[in-house]
Amino acid sequence: MFRTFALTMTLALTACWEVGGANQQQSLLGNGETGNTIGFELSISDDGRYLVAAGADQRLYAVQLDTLRAVPMRVGAAERMVFADADSAFFTSHPEDGVTIVERASLRTGDRLGHWRVPVGSRFIAFDSPTQRLAFWSWFMRDVHVLDTRSADLHVFASGDGVIDVRWLRSGELAVVDATTWRGDEPVTLIHLWGEGWRERRIEVPNCASKLVISPVDDLALLAPTSCQKDPVSVIDLDRGEFVQNLPGFGPVAFSPDGKTAVAFGRQADLATFGITTEAPYSLLFIEMTDRTIETLELGDSLPIYQLTPDGEVVLIFSVLESATYDGIFLIDIATRTIRETHGPEVALREFVITPDSTLVYLIEN
C-alpha cells in the first residue's frame, strides 16, 4: 500500500559524478562524510525514522517517516546539517562572512535545543556522537575548528598546507589529512591524529593526499588518490600510527563491509612493476587485507563507475562510454570474480539507492 504526504519538497538532485571511480550518487542513511547539504541531498537518519528537507514554502521540515507527519524546524536559514542522536540534529547557517551559527533542534517537535556562534566559515561538518563534538573544515583551508557542544569549548588545529579530509575515528581521535607536499619528485602526505587531551600523533605517507578510507572493522585505513603523478594505494595502521606499505593501483578505494577486501583500480603499467601481468589497460583490483594479495579483473580501455552493495558481495559497474568494454550496468560477484550483465531497458547507474539486504537497486531515470 502506498501513502503520500502533503509536504511538497524542493530537492535539487545533482549529477556531479565522474567518468570513472566510486559512485557518489547513492542516497545513504545518516550524515555521509561531510554532513548533508540541505536542498541538494536526501537527508535520512541512520535509523530511517526521519527525513529532513526544505519545503516549497522555503521552510525546513523534519518528516517522521513512520507517520509521514511533517514538523517545521525552528532554526535559521540552515544550509547544512548532521543528525545528532535518535531525535535531534545540528544545523548550520552563515549569516555573515567568517561566522557560522550552529543550532540543535528536536526532530520530533521542531524546537530549538541549543545555539552556538562559531567564528569560522567552513563548509563541511564532521560529527562524533560519543563526545558530541563537531569539527568544521573546508578543502585547502589551514584550520580545523572543533566545537564541544557539551562545554561550548572551541579548539583550533592548524594544518601545514591546507586540509584535504577530516574524520573522527572509533578511538575518539580526530584524523586530519593535509594537502600534498613534494620532496623532489616524491609526494608526501601528513596525517594528524588528535587524541585525548588533544595530544597529537603524526603519520607520514609517501603518497598524494586524498580521502582517508577507514576499515569498518579494524584500525586499518587506505589512502588512494584519483589523479596524481604518483597514486598508489597506501595502507595505514591507525592504532600504531604508522604507514605500512604502498600497493599498486589508484583510487577511489572502498572496503567491503567485513573489512576483508578492498576494491580499487589498477593500470597495466603500474601492476607490471609489481609482477602482475594484465592484457587490458585498466583492471579492477581485489585486495585481500589479511595478506594484501591482489587479484585482478580486467576492465578494458576505459574506467567505469563502481558501487559496492551493502553486503560487500557484489560490485556494480557502469560506463557512460559506448565504446567501453562493459557498456551499461554489470554485476561483479566478488567471491567468484565473475561478471553478469543486466537485461532490460538501458538505464544509468546515476541516481540510485540499494536496499539494505542488497537484493534490489532502485534507479531514477529522467
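This is a predicted model: local features need pLDDT of at least 70, side-chain atom pairs count only at pLDDT 80 or more; totals for chains, interfaces and linings use all residues.

Biologist: Okay, and which residue does Cys228 form a disulfide with?

Modeller: With Cys208. The two sulfur atoms sit 1.8 Å apart.

Biologist: Remind me, what is a disulfide?

Modeller: It's a covalent bond that joins the sulfur atoms of two cysteines.

Biologist: And where do Cys208 and Cys228 lie?

Modeller: Both are in loops. Cys208 is in the loop between strand S19 (200-205) and strand S20 (212-214), and Cys228 is in the loop between strand S21 (220-223) and strand S22 (233-237), so the pair ties together parts that are 20 residues apart in sequence.

Biologist: Is Cys208 buried or exposed?

Modeller: Cys208 is buried, with a relative accessible area of 3%.

Biologist: New topic: backbone angles. What's up with the phi of Phe140?

Modeller: Phe140 has a positive phi, about 70°, even though it isn't a glycine. You'll find Phe140 in the loop between strand S12 (133-137) and S13.

Biologist: Buried or exposed, that Phe140?

Modeller: Exposed: the relative accessible area of Phe140 is 57%, and the cut-off for exposed is over 50%.

Biologist: Now Ser358. What is its phi?

Modeller: Ser358 has a phi near 65°, which is again a positive value in a residue other than glycine. Ser358 sits in the loop between strand S32 (351-354) and strand S33 (361-364). With a relative accessible area of 17%, Ser358 is buried.

Biologist: So a loop residue can be buried here. What about the peptide bond from Gly251 to Pro252?

Modeller: That peptide bond is cis, with omega near 0°. As for its place, Pro252 is in strand S24, which covers residues 250-255.

Biologist: Last one: where is His145?

Modeller: His145 is in strand S13, residues 143-148. His145 is also buried, because its relative accessible area is 9% and the limit is under 20%.

Biologist: Which residues is His145 in contact with?

Modeller: If we leave aside neighbours within four places in sequence, His145 is in contact with Pro119, Val120, Leu134, Ala135, Phe136, Leu154, His155 and Val156.

Biologist: Great, I'll go and find those in the viewer. Thanks!

Technical notes:
Residues are numbered from 1 along each chain as its sequence is written. Side-chain values use heavy atoms; hydrogens and water are left out. Helices (H or I, at least four residues) and strands (E, at least two) are DSSP runs, numbered from the N terminus. Buried means under 20% relative accessible area, exposed over 50%, partly exposed in between (1.4 Å probe, protein chains only). Contact means heavy atoms within 4.5 Å. A disulfide is a pair of cysteine sulfur atoms within 2.5 Å.
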